[in-house]
Amino acid sequence: MINIFMQNWQTILNGFWITILSSLIGLGGSLLLGTIFALMELAPNKILKFIGNAFVEFFRNIPLLVITLFFYVVVAKDFKISGFWAGTIGLILYTSAFVAECIRGGINSVDEGQMEGARANGLTYTQAMIHIVLPQGFKLAIPSLGNQFINLVKNSSILSFVAGFDLMYQANVISGANLDPFNTYIIVGIFYLIITGLLSTVMRQIEDRLGKGRLQ
Amino acid sequence: MSKAKLKRMGLFASVILVIILIGGVMLGINARERQNKETDALSQIKQTHVMRWGVKCDTRLFGLISPKTEQSEGFDVDIARAITKQIAKDNHTHIKSEFTPVTTNSKIQLLKNKQVDAVAASMTITPERAKIVDFSKPYFPAGQSILVKKNSGIKNIKDLNNSKSTVIGVMGTTALETTKKFAPKAHLIAMPDNSQAFSALESAQGQAMTTDNAILYGFTQQSNNVEVVGKPFTNQPYGLGVDKGQTQLNNAVNKALAEIIKDGTYNRLIKKWFSNIPGLDWRDLTK
Amino acid sequence: MSAIIKFQDVEKYYGDFHALHDINLKINAGETVVLIGPSGSGKSTLLRTINGLEDIQKGKLVVDGMDISSKDTNVNKLRTDVGMVFQHFNLYNNKTILENIMLAPQIVLKRPKDKNREIADELLAKVDLSNQGGKYPAQLSGGQKQRIAIARSLAMDPRVLLFDEPTSALDPEMVGSVLNVMRDIAMNSDMTTLVVTHEMDFAKAVADRVIFMADGKILEDSSTDEFFKRPKTERARQFLSQVEHH
Ligand SMILES: Nc1ncnc2c1ncn2[C@@H]1O[C@H](COP(=O)(O)OP(=O)(O)OP(=O)(O)O)[C@@H](O)[C@H]1O
Ligand SMILES: [Mg+2]
């Protein structure tokens with residue numbers, strides 16, 4: 001096993017970096033998009049609500065591979081789009097549907113009195129959302145968001161299907177050449193564990209920090 | 001217990017879990033290897049009257065799932081069937097062929113796992129693979145070519161030797177390694193299987209798709225927009241594969257192969273699958 | 001005297017449920033009015049229509065010169081003039097006490113920072129919580145929270161202040177401190193206050209008028225003395241004998 005790493009460390013580290021990069025872009029993108037769509041789902045405006053619901057239902061219910069291949073194969077006919085971006089855009093869209101649900105759940109479990117208090121205090125709906133309800137909703141959503149982000153890291157292996165040069169792709173290439181998939185995939189598995197382990201630790205720390213003194 | 005202590009215990013437990021996991025997998029591999037040496041595939045085939053073949057399901061002409069029968073159909077499948085029949089005849093018994101779909105990536109693993117007895121899966125004979133698989137004599141004279149969009153101006157592999165070109169291959173095949181020799185400057189990307197590599201070519205993710213000419217000819221039947229250009233630039237015949245050390249079975253396969261070539265079955269199958277492909281004369285393939 | 005709040009033939013429905021019947025009511029600027037009645041009689045509903053937390057289906061409701069029943073009225077503007085104190089405080093859990101008080105003046109009124117802080121400190125002193133500004137609501141007792149909620153409303157410098165059972169969720173020993181603050185507001189400011197409460201002693205001491213509601217209707221609207229000495233309706237007599245024998 002050590003041998004495989006020694007012989008291919010450059011390739012593996014390249015893949016490791018691509019996986020981290022795609023995951024980070026995916027995390028940022030899906031958090032932003034997920035929040036926007038969660039807010040649309042909760043909006044008083046019926047049209048916004050419909051668009052939000054439709055987006056979430058659509059991307060939650062089709063396989064990530066289909067979304068990714070759509071960008072890699074169909075969209076690529078008109079716009080030049082690499083495997084990395086096809087996979088990462090797929091990840092963002094797919095994950096943001098789940099992130100939206102987490103955030104919507106978080107916002108829904110914020111006591112209604114918070115919004116009412118803010119509105120009675122003179123804040124507009126948007127101001128109340130930004131300053132009062134969203135921060136509390138986010139905090140409540142953090143544990144489930146953590147799960148989604150770990151799924152995101154693992155799902156980033158979708159890049160391997162569209163030649164995105166990520167960890168999984170490199171594992172496939174290496175095991176295709178050395179014909180020792182077992183040990184190759186174990187090594188790659190350890191690298192995934194490193195990312196997800198770090199991510200869990202960070203998420204738990206955020207949870208701890210926000211938890212201090214701000215409970216109801 | 002304090003929260004910090006609990007957390008440290010959690011971390012410790014995960015590390016232990018990882019060690020156990022890796023240990024378990026290694027033990028599993030050892031056990032499998034031991035088991036490998038113990039069973040003789042040929043006698044098992046004779047005992048169960050079933051020979052299990054791994055065949056492709058995504059490769060036109062060789063092994064492609066037919067929507068009607070939901071079974072793989074192609075030259076590989078027919079050869080496998082003929083060989084099984086011949087082995088049965090040689091051993092004065094009856095043996096049924098059973099087919100399991102394999103991918104380029106999984107075919108060797110399935111063989112190692114003893115999920116199949118042999119593979120007929122458009123597999124090129126290479127020294128690397130010969131270390132862990134026993135190959136039969138060549139059964140198909142393949143060579144690597146390139147498939148490009150019509151009117152692309154690309155005439156052969158040399159035209160792709162620049163940093164603006166991307167060549168698409170299939171993961172786990174030798175084609176991309178070979179391409180590095182003929183067009184070292186080109187970018188290479190690997191797709192999970194033939195049909196996805198072809199889709200990638202169609203959506204212009206690369207300028208050429210490379211693999212064995214036989215497979216590329218299959219795609220020219222599927223689409224009018226593509227053509228195979230240039231002569232094959234390698235000689236990489238296909239072999240049937242059995243697990244390393246299954247000498248008995250390999251001998252039986254080789255014997256059967258020689259016999260079906262001799263009695264004309266082989267040429268009949270070549271004609272059946274390759275006689276109406278533009279740009280290819282099936283007589284070049286006969287033995 | 002001019003009416004700062006004026007209900008004219010107002011009807012309110014929750015779906016099919018008829019919550020307010022034919023409400024006609026005038027409240028003058030600077031008045032302190034107590035609203036009483038049995039549970040479910042529509043007191044909270046009436047109060048919440050005044051700052052637009054509930055809409056009305058029929059009639060006309062004018063508050064501080066703004067017609068709430070009209071679609072063109074900007075409720076956000078209205079709410080800067082009408083404060084509300086809730087039974088369950090509704091303090092911002094993610095903000096400190098000072099931030100609770102200063103947020104709305106800062107982002108809604110655009111009050112300058114220094115001035116905002118100055119007013120917040122004054123208000124904290126007024127509700128007797130001067131050194132608590134850095135804490136979060138979760139770290140305060142119920143009585144302290146309610147006094148902060150009152151300070152938060154006062155920071156907007158409203159013309160009307162609505163109280164919806166501000167002491168009902170408090171332990172008995174906390175009630176006094178909150179009532180003291182309310183009494184101070186009622187007596188020493190020209191704010192118009194509308195209080196829903198079950199504290200009859202408080203009503204007797206500070207109210208100019210008492211409104212008695214039952215089943216979504218206003219049954220009595222009379223001066224404090226008159227209401228407690230000579231209630232006109234049987235419902236009110238019953239209600240008073242019940243709360244006073246508690
Ligand atoms: N959002 C709502 N949807 C439907 N019905 C409601 C809603 N809010 C209040 N009601 C109903 O309207 C009636 C009046 O309610 P309201 O809260 O105004 O009573 P209240 O006099 O404040 O009672 P309490 O003293 O218990 O607070 C009740 O029958 C109540 O069930
Ligand atoms: Mg009420």
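This is a predicted model: local features need pLDDT of at least 70, side-chain atom pairs count only at pLDDT 80 or more; totals for chains, interfaces and linings use all residues.

Visitor: Why is A:Leu48 called partly exposed?

Guide: Its relative accessible area is 35%.

Visitor: What makes C:Glu165 buried or exposed?

Guide: C:Glu165 has a relative accessible area of 14%. The buried label applies under 20%, so C:Glu165 is buried. You'll find C:Glu165 in the loop between β7 (160–164) and α6 (172–188) of chain C. Beyond its neighbours within four places in sequence, C:Glu165 is in contact with C:Lys43, C:Gln87, C:Val196 and C:His198.

Visitor: How do you know that C:Arg48 and A:Glu116 meet in a salt bridge?

Guide: The N to O distance between their side chains is 2.7 Å. The cut-off is 4 Å for a Lys or Arg nitrogen and an Asp or Glu carboxyl oxygen, so the pair qualifies. The count between chain A and chain C is one salt bridge.

Visitor: Which chains share the most contacts?

Guide: Chains A and C do, of the two pairs of chains in contact. There, 20 residues of chain A are in contact with 25 residues of chain C. The area buried between chain A and chain C is about 2000 Å², and carbon and sulfur atoms give 50% of it.

Visitor: How do you know that chain B and chain C do not touch?

Guide: Contact takes heavy atoms within 4.5 Å, and chains B and C don't touch; their nearest C-alpha atoms are 22 Å apart.

Visitor: Why does the pair B:Asp90 and B:Lys255 count as a salt bridge?

Guide: Their closest N and O atoms are 3.7 Å apart, and the limit is 4 Å, so the pair counts. B:Asp90 is in helix α3 (residues 75–90) and B:Lys255 in helix α9 (residues 247–262) of chain B, 165 residues apart. B:Asp90 is partly exposed at 22% relative accessible area, and B:Lys255 is partly exposed at 45%.

Visitor: What else does B:Lys255 meet in a salt bridge?

Guide: B:Glu259, at 3.8 Å from N to O. B:Glu259 and B:Lys255 both lie in helix α9 of chain B, four residues apart, about one turn of the helix.

Visitor: And what makes C:Lys12 and C:Glu54 a salt bridge?

Guide: The closest N and O atoms of C:Lys12 and C:Glu54 are 3.6 Å apart. C:Lys12 lies in strand β1 (residues 3–14) and C:Glu54 in the loop between α1 (43–50) and β4 (58–63) of chain C, so the pair ties together parts 42 residues apart in sequence. Both C:Lys12 and C:Glu54 are buried.

Technical notes. Residues are numbered from 1 along each chain as its sequence is written. Chains are lettered from A and ligands numbered from 1 in the order in which they are written. Side-chain values use heavy atoms; hydrogens and water are left out. Buried means under 20% relative accessible area, exposed over 50%, partly exposed in between (1.4 Å probe, protein chains only). Helices (H or I, at least four residues) and strands (E, at least two) are DSSP runs, numbered from the N terminus. Buried area is the accessible area (1.4 Å probe) that two parts lose on being put together, summed over both.
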